[in-house]
Amino acid sequence: YLSLDRRKIPGLILGGDAVSWLRKGIWCKTEKMKHSKLPAIFAFFMCEVLHFFNLIGSPKGPTQKMNLFQSITSALDNTLASDPTAVIFGEDVAFGGVFRCTVGLRDKYGKDRVFNTPLCEQGIVGFGIGVAVAGATAIAEIQFADYIFPAFDQIVNEAAKYRYRSGNLFDCGNLTIRAPWGCVGHGALYHSQSPEAFFAHCPGLKIVIPRGPIQAKGLLLSCIADKNPCIFFEPKILYRAAVEQVPEEPYTIPLSQAEILQEGSDVTLVSWGTQIHVLKEVASMAQEKLGVSCEVIDLQTILPWDIETVCKSVVKTGRLLISHEAPVTGGFAAEISSTVQEECFLNLEAPISRVCGYDTPFPHIFEPFYTPDKWKCFEAIKKMINY
């Protein structure tokens, strides 16, 4: 019943995702069975068998040890190789960019496909919209997420609304905007910001933030393939810090699908990007020091976000902590908190906790006091448990 070709299972590439998807009892559909449904127990059995024989699993082919920026380079390389219309452009991308994410690509694919632009973010995104509308694959780089604001009008009023205002006659869904994001230890107010919440208020966009090299490549390729304009924020503090065995061949990870990194029964911890690593450490601390079992969820896609996974977890645990680096007021944690309160009110055992940045500009020497570190999150867990 299940096609053995993984390409016939829409949206499922990584084995762990497939197993968890089927274990949840979601009906399994294949290209050959568009109108058929497999009972969850049979789907679970089939998945386990296929997984055992390595027919469903991580992408085939060789892997290579990569850090996060190298996995980004690999994704861009795969795209340029497979899509002759794809172009990469931005400030200093021709020589590799300030974080070396495009290093070697101009020499390999030519100056007409990987090229520098003037120092004008509005122009970079405006040009990208035009390229995408013309039918090519446009991959724009904003050198730092802090400098995306001059392009805000082009992203929010043009890219996000292009399909809607034309009644789907035209669109710029082939546009992907990349930008280094988040704190880095010394970036201060102009090289440390996390502006995802500004764009989460705008229908028509997709916003994605990976936590490591494997996710970065798979999610970036999904953004590039997606037929909606996407903003792909890259945690710059992880560019060289995070290292994993990453498949050299292209693969995708589904957008708008959160990942449960650790199952638990007492508290749900939700975050994305760099902060997810903080919460994993907090979960270990809570188990060791308090005997508290934490479920850790990486949201991965900010817009549209995976409401179902988060709410199911909160129904089970009765408590929710959300953490991000951006200021607490109007941060995306507020949207998650509001939605969970509406959907899971009778299941909550304690008020939802938000552990976020302060409502100040991002400081320089006071960055360690500003960021929501493990101790702040740990104290929030203790408060919820003792409520």
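**Figure 1. Contacts across the whole chain.** Of the contacts in the protein chain with a separation of 6 or more, 79% are between residues 24 or more positions apart; contact here means heavy atoms within 4.5 Å. This is a predicted model, where local features need pLDDT of at least 70, side-chain atom pairs count only at pLDDT 80 or more, and totals for chains, interfaces and linings use all residues. Residues are numbered from 1 along each chain as its sequence is written, and side-chain values use heavy atoms, with hydrogens and water left out. The protein chain has 14 helices and 14 strands; these are DSSP runs numbered from the N terminus, helices being H or I with at least four residues and strands E with at least two. Of the 387 residues in the protein chain, 55% are buried. Buried means under 20% relative accessible area, exposed means over 50%, and partly exposed is in between (1.4 Å probe, protein chains only).

Figure 2. A pair of aromatic rings is described by how far apart the centres are and by the angle of the planes. Rings of Phe, Tyr and Trp (its six-membered ring) pair if their centres lie within 6.5 Å; planes under 30 degrees apart are stacked, over 60 edge-to-face, and the rest tilted. That rule gives 14 aromatic pairs. Here the centres of F89 and F115 are 5.8 Å apart with the planes at 15°, so this pair is stacked. F89 sits in strand β2 (residues 87-90) and F115 in strand β3 (residues 114-116), so distant parts of the chain, 26 residues apart, get linked. Both F89 and F115 are buried.

**Figure 3. F152 and F199, a pair between two helices.** This aromatic pair is tilted, with 5.2 Å centre to centre and 40° between the planes. Since F152 is in helix α6 (residues 152-159) and F199 in helix α8 (residues 196-200), the pair ties together parts 47 residues apart in sequence.

Figure 4. Look for F99, F144, Y147 and Y239, which form one aromatic cluster. Then find Y162: the charged end of R165 sits over the ring of Y162, 4.7 Å from the ring centre. To count, CZ of Arg (or NZ of Lys) has to be within 6 Å of the ring centre and within 35 degrees of the ring normal.

**Figure 5. Helix α5 against helix α6.** Helix α5 (residues 121-133) packs with α6 at about 25°, and their axes are 8 Å apart. Axes are lines fitted to C-alpha atoms, for helices over the stretch in contact, and angles run from 0 to 180 degrees between N-to-C directions. So α5 is roughly parallel to α6 (under 35 degrees; over 145 is roughly antiparallel, 65 to 115 roughly perpendicular, and the rest oblique). On the α5 side, Q122, V125, G126 and I129 make the contact, and on the α6 side, Q154, I155, E158 and A159.

**Figure 6. I155, a residue of helix α6.** I155 lies in helix α6 and counts as buried, at 0% relative accessibility. Which residues does I155 contact, leaving aside neighbours within four places in sequence? They are V125, I148, A160, I177, F199, L205 and I231. I155 and P229 are 74 residues apart in sequence, yet 8.7 Å apart in space, C-alpha to C-alpha.
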